[in-house]
Amino acid sequence: MTDHDATTFSYLCIGCPLGCRLEVDEDDHGDIIEIRGSGCRKGDRYAKQEHADPRRNVTTTVAISGGLWPRLPVKTSSEIPKDQVLAACEALRQVRVQAPVKMGDVVVDDLLGTGCSVVATRHMPAIT
Amino acid sequence: MIDDRPHVLHSKYDVVVAGGGPAGLGAAMAARTAGAERVLVVDREAEAGGILLQCIHSGFGLHHLGEELTGPEYAQRILQSALDDGVDVLTNAYLLDIDNDQNLKLLSTDHGLSILDTRATVLAMGARERTRAAIRIPGGRPAGIFTAGAAQRLVNLNGVLPGRRVVILGSGDIGLIMARRLAMEGVEVAGVFELMPHANGLSRNIVQCVHDFDVPLHLSTTVVEIHGRNRIDKVTVAPVDDHLKPILSKAWDVPCDTLLVSVGLIPENELSRELRLRLDPTTSGPIVSSTMETSRDGVFACGNVVHIHDLVDFVSAEAELAGGHAGRFASGIRPPHDNVRLQPGANVAYCVPHTVTTDQPHTVYLRVRKPLEKSMLRLRDSEGAVVHERRLRYVVPAEMVTLKLRPGVLDGFQGDSLLVEVVAR
Amino acid sequence: MPNPLQDVVVIGAGIIGAAIAYELSRYELSITLLEREVEAGFGTSKANSGIIHGGHHTDTETLKGRLEWWGNQLWDPLCEELGFGFARVGELTIALTESDLGSLDHLIDNAEEKDIADVEMWSREQICAAEPQVTRGVIAGVFSPHTAVVNPYEAVFGLVEAAVANAVQFHPNSPVTGLDYSGDTWTVTTPTATLRSRFVINSAGLGAAAIAKIAGVDGFEIRGRKGEEYLLDKRLRHLVRHVIYPCPTPVSKGTLVIPTYDGTIMVGPTAEAVDDLNDTTTTTSGESKVFAEARRLVPSLSERDIIAQFAGTRATIEGDDFMIGPTEAPGFINVAGIQSPGLTAAPAIARYVADILHRNGLEMTDRSHLNRIERPVHFASLTTDAQRDLAAHDRRYRRIVCRCEFVTEGEVCDAIARGATTIDGLKFRTRAGMGRCQGGFCATNCLELLSSELGIKLSDVTKRGPGSWLVLDRPDGTTPGVSAQDPS
């Protein structure tokens with residue numbers, strides 16, 4: 001049920017490929033009254049997070065020397081604030097590493113002060 | 001990528017798998033589990049893993065492995081498992097032909113041209129992308145027109161950029177993923193244009209690839225002409241009417257130096273055609289039984305070579321089935337023949353597998369033609385009587401529908417074909 | 001140092017210029033072949049229908065009518081010498097209405113007048129038996145066994161390569177900017193060279209009028225007539241076995257259904273006057289027209305099977321005949337207005353031009369020894385044993401680069417060694433990228449191989465020359481120097 005002071009916000013869950021359509025009702029104090037439409041608990045969590053402080057995982061590449069390919073795919077170890085995604089990409093464009101690298105190796109320790117590290121998502125053996 | 005020992009090629013195998021992506025590796029492992037001794041995967045690239053290696057984004061494995069991985073992570077996980085299971089992987093290799101006695105003609109960098117003998121074969125060559133020519137966009141033929149997947153490889157593996165200002169035609173997942181990828185690399189994405197009134201990719205990708213990066217998404221709009229002599233310099237786009245015909249009086253030009261075409265995938269069926277397998281005209285892939293066997297004895301198929309999946313997890317599940325049966329076939333074990341044909345009915349484009357048995361559990365994958373908010377999946381017999389039904393949430397063509405037929409569901413069913421429909425409740 | 005005096009400079013390395021250069025290379029002459037594009041054949045020739053016409057479609061009153069049948073007869077030895085794709089598949093011109101029958105009679109008359117044997121009138125039954133896909137509405141047809149299909153770009157590459165093997169200098173990327181005559185000698189200027197020559201052959205195709213103007217030769221105009229062509233999926237291979245012609249109209253042979261040398265079915269061309277000589281666009285109206293006309297011949301044809309479309313522009317002149325001969329400028333010879341059947345006539349045109357040169361005072365002594373070129377390997381059509389042998393001694397023949405057409409790395413590297421410098425150049429030489437995926441898979445392989453074999457950056461590789469760049473270096477400077485696969 002929804003009382004007459006509530007404002008409804010719509011989100012689309014990106015937690016998994018199902019893409020649940022979420023609705024978040026907020027009262028006039030900005031507190032969440034109700035979350036509808038999620039198929040799982042993860043969806044509820046996503047709705048709350050997305051409503052208050054949207055965050056994203058970043059997957060991109062950094063330069064690598066001495067490997068089979070010139071780019072190494074990387075990801076953030078956890079989500080960073082959505083509005084810092086482009087800055088994070090920009091920062092990662094300046095990074096170069098040297099092969100060999102193993103999947104899971106930390107490439108950047110603390111990305112833009114988010115406390116998030118950036119790790120390699122594949123092995124890149126050195127080419128001899 | 002993981003194993004760099006010199007490869008030893010045998011002349012006889014129990015199972016040979018064409019393609020070292022998630023489908024092929026999954027099938028190979030399942031064949032081993034089912035008791036096949038010698039299982040060989042041949043992959044055309046320098047590294048096995050398939051297209052996942054260039055899909056550096058996350059979203060893989062949630063169903064199948066219980067965690068969300070990036071493409072390269074998923075690829076390496078299954079490659080490592082396959083190697084641990086004793087699967088033999090040969091890269092830089094290409095299966096040229098299979099004759100009627102299951103003699104394979106193989107061309108590989110390590111061994112040159114070889115003829116192998118195998119008991120069973122699994123086709124897992126994946127898919128190719130539809131091109132600009134396939135959708136017949138008129139105009140010039142300048143440089144700068146790429147399929148989205150080709151651009152993805154250039155950006156993520158070769159370390160170059162396709163251009164400075166990009167138009168993306170088609171809202172398939174690869175196109176959406178590339179919109180984000182290019183935006184992240186500082187390339188201007190002038191817009192994503194989709195012919196249909198709904199986006200073709202997963203909903204999550206509309207949010208995190210298009211909305212997050214303020215990329216304009218134009219539905220019911222398409223590219224009607226390509227301009228430019230040496231390099232593309234603009235495209236003309238136009239809205240379409242209810243019959244998908246462009247309304248040229250409302251057309252406008254979008255300056256760009258690159259056009260990415262993301263208008264769908266087609267099963268890689270060169271080999272399937274060469275083998276004269278029976279193909280499904282809707283999927284363009286081979287017609288398969290509930291054991292994923294094609295119209296040719298001992299030739300199985302799985303993954304995008306059969307039909308286009310939207311999640312690798314479903315590919316892996318299908319691969320387990322195909323590989324398991326290929327492994328058993330190699331040991332001389334054959335399950336009873338299917339006795340029911342599945343026929344696409346109202347709002348169903350296709351079903352895979354094409355036949356099932358009444359006494360075994362089956363997972364049937366199907367794709368709807370049109371989106372529906374609240375729908376009902378029904379199986380009807382030839383008289384029109386409902387044999388089984390299940391409520392579905394909203395369905396869209398971009399998202400595959402999975403129907404689990406548990407044992408007992410078809411108990412007592414006497415007919416030889418079932419009509420599958422997805423209709424409004 | 002000034003360049004030595006040439007006997008002949010040939011301007012334009014399309015099928016005509018290439019055939020002339022090759023013909024002249026049989027003699028002890030110094031010859032330079034200039035091409036404004038990055039590779040030979042990149043103008044009208046690459047967009048040709050690839051038909052060697054039977055000779056009975058033109059009458060004997062025109063120059064092109066006389067050169068067509070002569071040219072037709074010269075293709076077999078040429079193919080033997082150069083090894084390009086060529087097959088005499090024969091043709092059927094079919095009548096759909098009683099009023100078409102007059103044109104069939106006219107074709108038979110032409111054949112008789114030119115002494116072309118074996119051109120026959122076929123009944124509806126004969127046609128239906130030979131070509132089951134041809135419309136049941138056919139009432140009669142003319143059959144000729146002499147019509148052939150050829151890969152026109154392969155022919156151009158072969159002619160140029162063989163010419164170069166016999167001392168012809170070939171300069172691509174060389175648009176002619178100046179032509180000055182003084183003291184029995186022409187000075188030919190390009191952005192990178194200044195040449196002196198006794199004779200200049202203007203075989204510049206669409207650019208012929210512009211070249212004549214630079215030479216100060218008076219007045220003709222090239223008018224473009226565009227033709228759109230549509231290639232269909234390989235699964236329709238052998239849909240028809242002969243080239244199928246409708247009964248001709250005054251301006252064009254009409255839309256044909258062509259079983260190309262590689263087996264792919266091609267339908268086209270259109271014939272549309274265009275103002276812009278560089279217009280090679282395909283159009284929705286062109287496509288509709290081609291398929292509407294082609295379906296009258298072969299009803300099962302469908303637009304859904306298109307895998308590629310392209311267009312080329314025929315260089316026509318007033319009167320629609322070829323214009324070949326000396327001009328008021330001494331030593332400047334026009335070979336202009338070479339529209340259909342220009343490809344068919346090309347080897348005859350080359351001999352005709354050689355004769356003109358001879359009659360205008362060029363001494364022509366047979367070369368004592370002619371160098372032959374090696375036929376390019378076509379891996380997919382070799383026997384299994386031959387494939388095994390080749391792969392055993394050369395590792396590059398162990399890797400498939402283009403999966404639609406089964407092209408190996410060895411064939412691609414060989415094409416680069418023979419002069420391919422662009423993606424299109426590779427495509428026309430090896431078929432890599434011509435199949436149903438249209439380069440979706442192999443373009444990156446070809447890009448990587450052009451980069452590593454030529455020692456240039458990926459971003460310096462082009463589709464077909466300056467301006468047609470394919471990829472950009474990353475602005476952050478992290479794009480590798482030469483090849484992606486080469487970490488050095």
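pLDDT is the predictor's confidence in each residue, on a scale from 0 to 100. Chain C averages a pLDDT of 93, and 98% of its residues score at least 70. For the complex, the predictor gives an ipTM of 0.91 and a pTM of 0.92. This is a predicted model, in which local features need pLDDT of at least 70, side-chain atom pairs count only at pLDDT 80 or more, and totals for chains, interfaces and linings use all residues. Residues are numbered from 1 along each chain as its sequence is written, while chains are lettered from A and ligands numbered from 1 in the order in which they are written.

- Residues 483-488 of chain C have a pLDDT below 50.
- Beyond near neighbours in sequence, this stretch has 16 contacts in the model (two residues are in contact if their C-beta atoms, placed from the backbone, lie within 7 Å).

**Chain B with chain C**
- Chain B brings 38 residues into contact with 48 residues of chain C.
- Strand 7 (103-108), strand 8 (112-123), strand 9 (127-129), helix 3 (148-158) and helix 6 (270-274) of chain B each supply at least two residues to this side. Helices (H or I, at least four residues) and strands (E, at least two) are DSSP runs, numbered from the N terminus.
- Helix 3 of chain B gives the most, with five residues.
- The chain B side has 12 nonpolar, 14 polar and 12 charged residues. Ala, Val, Leu, Ile, Met, Phe, Trp, Tyr, Cys and Pro count as nonpolar, Asp, Glu, Lys and Arg as charged, and the others, Gly among them, as polar.

**Chain C with chain A**
- Five residues from chain C and 10 residues from chain A make this contact.
- On the chain C side, three are nonpolar, one is polar and one is charged.

**Domains of chain C**
- Domain 1 covers 1-87 + 148-221 + 317-375, domain 2 covers 91-145 + 223-314, and domain 3 covers 379-460. The bounds come from an automatic or database domain assignment.
- The centres of domains 2 and 3 of chain C, taken over C-alpha atoms, are 32 Å apart.
- Five residues of domain 2 of chain C are in contact with four of domain 3 of chain C.
- The domain 2 side of that contact has two nonpolar, no polar and three charged residues.

**A sheet in chain B**
- Five strands form an open sheet in the order 22-20-27-24-25, with mixed pairing (two strands pair if DSSP finds at least two bridges between them).
- Strand 22 (355-356) and strand 25 (386-392) of chain B are the edges, each pairing on one side only.
- Strand 20 (residues 340-344) and strand 27 (residues 417-424) of chain B run parallel over four bridges.
- B:R341 has B:S417 of strand 27 as its bridge partner.
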